[in-house]
Amino acid sequence: MHDVRARFKQVWYRLDNLVGQYAKDMGINITTLFVLEMLAEEGGVYTQKALCERLMLPKQLVNSVIKTFWEQGYVELKEAKDRRHKNTRLTDSGKAYAESILVPFHLADERAWDMVTDLELVAVTAALETYERAMEANLRGVARPAPV
C-alpha cells in the first residue's frame with residue numbers, strides 16, 4: 001500500500017510541476033497563472049482579500065501579482081462597497097493577455113480530461129474527498145513546534 005501512496009504523491013507533484021512549467025514557459029509563475037485564471041472567469045471581479053481566500057494564498061503574494069498587473073495595465077482597481085477594499089478587474093488588454101495564456105492551457109486541460117473516464121473521475125474524486133476529510137481531522141489540534 002505504501003508503494004501506491006508514494007506513486008500517488010509522485011503523480012501529484014508531477015502534475016503540479018507540469019502546471020508550474022507551463023506558467024514558466026508563458027513568462028509567469030504559477031501564482032500569477034492562478035490569479036489570472038480567477039480574474040478571467042465570467043464576472044471576474046474580486047477584492048484582493050477574496051482572491052486570497054479563494055486561492056488560499058498569502059495577501060502579500062496576491063498583492064504583488066495585482067500590483068504587477070496594474071503596472072502593466074492589465075487590471076483596474078475600483079473602490080468596493082467596503083471602502084477599505086478595492087475591486088480588481090481585468091482591462092481589455094488584460095483580457096487579451098489572459099486569453100493568450102489561458103486558452104491554450106484550458107484546451108490542453110479539456111483534452112486531458114477527455115482521456116479520463118467518468119468512472120475514473122468519480123473514483124479519484126471520492127478518494128481525494130476522503131483523504132481531505134481525514135487530513136483535516138488529523139491535522140486539527142497538532143501542536144506547533146517551539147521556536148528555535
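User: What relative accessibility does glutamate 41 have?
Analyst: Glutamate 41 has 30% relative accessibility, so it counts as partly exposed. Buried means under 20% relative accessible area, exposed means over 50%, and partly exposed is in between (1.4 Å probe, protein chains only).

User: What should I know about the model itself?
Analyst: It is a predicted model: local features need pLDDT of at least 70, side-chain atom pairs count only at pLDDT 80 or more, and totals for chains, interfaces and linings use all residues. Residues are numbered from 1 along each chain as its sequence is written, and side-chain values use heavy atoms, with hydrogens and water left out.

User: Back to glutamate 41. Which residue does its side chain meet in a salt bridge?
Analyst: Arginine 54, at 3.2 Å from N to O. Glutamate 41 sits in the loop between H2 and strand S1 (46-47), and arginine 54 in helix H3 (residues 48-55), so the bridge ties together parts 13 residues apart in sequence. A salt bridge here is a side-chain nitrogen of Lys or Arg within 4 Å of a carboxyl oxygen of Asp or Glu. Helices (H or I, at least four residues) and strands (E, at least two) are DSSP runs, numbered from the N terminus.

User: Why would two side chains pair like that?
Analyst: Side chains of opposite charge can pair when their charged atoms come close.

User: And what is the relative accessibility of arginine 54?
Analyst: It is 45%, so arginine 54 also counts as partly exposed.

User: How many salt bridges are there by this rule?
Analyst: The count is 3. Another one joins the side chains of glutamate 76 and arginine 89, at 3.1 Å from N to O. Glutamate 76 is in strand S2 (residues 75-79) and arginine 89 in strand S3 (residues 86-90), so this pair ties together parts 13 residues apart in sequence. Glutamate 76 is partly exposed at 29%. Arginine 89 is partly exposed too, at 35%.

User: Which residue does glutamate 136 pair with?
Analyst: Arginine 140, with the closest N and O atoms 3.6 Å apart. Glutamate 136 is partly exposed at 48%. Arginine 140 is exposed at 57%.

User: What about the second largest pocket?
Analyst: That one holds about 530 Å³. It is lined by 13 residues, with Phe8, Trp12, Leu128, Tyr131 and Glu132 closest to its centre. H1 and H6 each supply at least two lining residues. By class, the lining has 9 nonpolar, no polar and 4 charged residues.

User: Which residues make the nonpolar surface patch?
Analyst: Trp113, Val116, Leu121 and Val124, covering about 300 Å². Patch residues have over 30% relative accessible area and no salt bridge; nonpolar side chains (Val, Leu, Ile, Met, Phe, Trp, Tyr) are joined within 5 Å, like charges within 9 Å. Areas come from the Shrake-Rupley method with a 1.4 Å probe. Leucine 121, in helix H6, is partly exposed at 32%.

User: What is the phi of methionine 56?
Analyst: It is positive, about 55°, although methionine 56 is not a glycine. Most residues other than glycine have a negative phi. Methionine 56 lies in the loop between H3 and helix H4 (59-71). It is exposed at 73%.

User: Last one: where is proline 145?
Analyst: In the segment after H6. Proline 145 is exposed at 73%. Its C-alpha atom is 41 Å from that of histidine 106, 39 residues away along the chain.

Definitions and conventions
On a 1 Å grid over the protein atoms alone, a cavity is a set of points where a 1.4 Å probe fits but cannot get out, and a pocket is an open set with protein on both sides within 12 Å along at least five of seven lines; lining residues have an atom within 4 Å of a point. Grid points are joined across faces, edges and corners, and a volume is the space filled by probe spheres set on the points. Ala, Val, Leu, Ile, Met, Phe, Trp, Tyr, Cys and Pro count as nonpolar, Asp, Glu, Lys and Arg as charged, and the others, Gly among them, as polar.
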